[in-house]
Amino acid sequence: MITQEGIQTNLNFLSGNRAVFTIPLLSDTSFTINGFELPSISLPNAWRATQNIQKPRAGETLELSELTINFIVMENMENWYELYNWFRNLGAPFSKRAEYLKNGMPDCADAYVTIYSAKNNPIMRVKFIDAVPIALGSINFTEEIQETTAVTCSATFMYERYDIEFVTGA
């Protein structure tokens with residue numbers, strides 16, 4: 001916040017290294033994110049023709065980029081397997097897909113990214129409405145790593161829109 005005198009009063013800056021991804025409709029599995037970008041949003045301009053020039057106007061259709069998360073895979077691969085299973089059943093032949101959807105499994109679901117402060121308090125929750133999985137990245141297994149390193153994977157989603165809710169008291 002900036003005072004009337006132009007002095008910035010909040011000198012706490014956002015830490016970009018703590019976020020958790022969840023899809024409650026699939027399970028209670030969470031995904032510890034080790035990298036993601038809050039998707040960009042744009043409003044392409046429209047033009048209004050006048051006698052001598054084209055005048056810019058605000059567009060009317062929002063364009064949202066894909067959501068891609070990089071997450072740490074749990075040792076039992078539970079979080080990765082949850083997404084893998086969702087992909088596999090959605091991409092199954094029609095009869096199996098119909099059975100999958102009939103059993104209450106969604107073809108899209110709301111997904112959430114909770115962003116935490118440097119003190120590990122939730123400060124913002126981003127709700128991605130009707131998220132649809134479009135890509136699940138590979139997992140690299142190698143013996144060349146000298147020390148224990150967490151295995152990561154990426155997942156990409158399209159969605160209708162996203163809404164932001166600030167957590168009070170953070």
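What pattern does the protein follow when read along the sequence? The pattern is β-β-β-β-β-β-β-α-α-β-β-β-β, and the secondary structure comes to two helices and eleven strands. Helices (H or I, at least four residues) and strands (E, at least two) are DSSP runs, numbered from the N terminus.

Before going further, a word on the basis of this report. This is a predicted model, in which local features need pLDDT of at least 70 and side-chain atom pairs count only at pLDDT 80 or more, while totals for chains, interfaces and linings use all residues. Residues are numbered from 1 along each chain as its sequence is written, and side-chain values use heavy atoms, with hydrogens and water left out.

**Confidence**

The pLDDT is the predictor's confidence in each residue, from 0 to 100. Its mean for the protein is 83, and 84% of the residues reach 70 or more.

Buried means under 20% relative accessible area, exposed over 50%, and partly exposed in between (1.4 Å probe, protein chains only). By that rule, 26% of the 170 residues of the protein count as buried.

Helix α1 covers residues 78-90, and its 13 residues reach 18 Å from the first C-alpha to the last. That is close to the 18 Å expected at 1.5 Å a residue, where the expected span is 1.5 Å times one less than the number of residues. Which residues of α1 are buried? They are Asn79, Trp80, Leu83, Trp86 and Leu90. Because they cover an arc of only 130° around the axis, they sit on the same side of α1; the arc is that of the directions from the helix axis to the C-beta atoms. As background, an α-helix has 3.6 residues a turn, so residues three or four places apart point the same way.

**Salt bridges**

A salt bridge here is a side-chain nitrogen of Lys or Arg within 4 Å of a carboxyl oxygen of Asp or Glu.

| Pair | N to O distance |
|---|---|
| Lys127 and Asp110 | 3.7 Å |
| Arg161 and Glu160 | 3.0 Å |
| Arg161 and Asp163 | 3.5 Å |

Lys127 forms its salt bridge with Asp110. Lys127 lies in strand β9 (residues 122-136) and Asp110 in strand β8 (residues 109-116), so the pair ties together parts that are 17 residues apart in sequence. Lys127 is partly exposed at 29% relative accessible area, and Asp110 is partly exposed at 25%.

Glu160, Arg161 and Asp163 are linked in a network of salt bridges. Each of these residues has a value in the partly exposed range: Glu160 at 48%, Arg161 at 37% and Asp163 at 33%.

The C-alpha atoms of Phe166 and Met124 are separated by 4.4 Å, with the two residues 42 apart along the chain.

Together with Leu38 and Ile164, Phe166 makes a nonpolar surface patch of about 300 Å². Patches are made of residues with over 30% relative accessible area and no salt bridge, where like charges are joined within 9 Å and nonpolar side chains (Val, Leu, Ile, Met, Phe, Trp, Tyr) within 5 Å. The accessible areas come from the Shrake-Rupley method with a 1.4 Å probe, and for residues only the protein chains shown count as cover.
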